[in-house]
Amino acid sequence: MTESVLVTGSSRGIGRAIALRLAQAGHDIVLHRALPCRAAEVEALGRKARVLQFDVADRAACKQILEADVERHGAYYGVVLNAGLTRDGAFPALSEDDWDVVMRTNLDGFYNVLHPVMMPMIRRRAAGRIVHYFGFRLDRQPWPGQLQRLQSRPDRCGQGPGHRAGQTQDHRQLRRTGFDRHGHAR
């Protein structure tokens, strides 16, 4: 049984830091949209790594590539949904195409990645983890031009129960695991 973790958006920033921290913790890593040098970083930590290239907004590509990877290597222990994007700008100037791209990536990407891997993870009959990370600055409220990002992940912007001062449970947990607010390992 494999103990691999898929980390979407792992080419740079917090996704890269999460992948490296998970490798240090003893997991093999499935990198998403990363360069081969990122796999070498994981392998230098003594863990296996492989890179999958797909667009989280493309449902068919996610299904095909993820199902093939699970078939070949076994179900994942965990998935970290970190891939996301924004199109900065004032809302009145935001084009329909930009709105659609953000929604397909940030909202549909959740379904597109998890749907093909969920049942194999359940069939493992072993503990596993799914983390939906939403990177946002914690020291201030969202800045102008971020409406589309907030709308694509409304449960992650400090608006629901248990949130205080724009800080989500995910961010507090992330800090306890050794990352600062910019996604850098401490």
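The questions and answers below go through the fold, sheet and helix packing of a predicted model.

Local features need pLDDT of at least 70 and side-chain atom pairs count only at pLDDT 80 or more, while totals for chains, interfaces and linings use all residues. Residues are numbered from 1 along each chain as its sequence is written, and side-chain values use heavy atoms, with hydrogens and water left out.

Me: In what order do the elements of the protein chain run from the N terminus on?
Reply: The protein chain has six helices and five strands. Helices (H or I, at least four residues) and strands (E, at least two) are DSSP runs, numbered from the N terminus. The order is β-α-β-α-β-α-β-α-β-α-α.

Me: Which are the edge strands of the open sheet?
Reply: Five strands make up an open sheet with parallel pairing, ordered β3-β2-β1-β4-β5. Two strands pair if DSSP finds at least two bridges between them. Pairing on one side only marks the edge strands, β3 (49–52) and β5 (129–132).

Me: Is Ser4 buried or exposed?
Reply: Ser4 belongs to strand β1. Leaving aside neighbours within four places in sequence, Ser4 is in contact (heavy atoms within 4.5 Å) with Asp28, Val30, Arg50, Ala75, Tyr76, Tyr77 and Gly78. Buried means under 20% relative accessible area, exposed over 50% and partly exposed in between, with a 1.4 Å probe and protein chains only. Because its relative accessibility is 0%, Ser4 counts as buried.

Me: At about what angle does α4 run to β4?
Reply: Helix α4 lies across β1, β4 and β5. Axes are lines fitted to C-alpha atoms, for helices over the stretch in contact, and angles run from 0 to 180 degrees between N-to-C directions. The angle of α4 to β4 is about 170°.

Me: How are α3 and α4 oriented to each other, roughly parallel or roughly antiparallel?
Reply: Helix α3 (residues 59–73) packs against helix α4 (residues 96–123) at about 30°, with the axes 9 Å apart. Angles under 35 degrees count as roughly parallel, over 145 as roughly antiparallel, 65 to 115 as roughly perpendicular and the rest as oblique. The packing angle therefore makes α3 and α4 roughly parallel.

Me: How many charged residues does the contact of α3 with α4 have?
Reply: From α3, Arg59, Cys62, Lys63, Leu66, Glu67 and Val70 meet Asp108, Tyr111, Asn112, Val113, Pro116, Val117 and Pro120 of α4. Ala, Val, Leu, Ile, Met, Phe, Trp, Tyr, Cys and Pro count as nonpolar, Asp, Glu, Lys and Arg as charged, and the others, Gly among them, as polar. By class, this contact has eight nonpolar residues and one polar, and the charged ones number four.

Me: What separates the C-alpha atoms of Ala61 and Val113?
Reply: Ala61 sits in helix α3. Ala61 counts as buried because its relative accessibility is 18%. Along the chain Ala61 and Val113 are 52 residues apart, and their C-alpha atoms are separated by 9.7 Å.

Me: Which residues of α2 make the contact with α1?
Reply: Helix α1 (residues 13–24) and helix α2 (residues 36–44) pack at about 30°, their axes 9 Å apart. That angle makes α1 roughly parallel to α2. On the α1 side the contact is made by Arg16, Leu20 and Ala23, and on the α2 side by Arg38, Glu41 and Val42.
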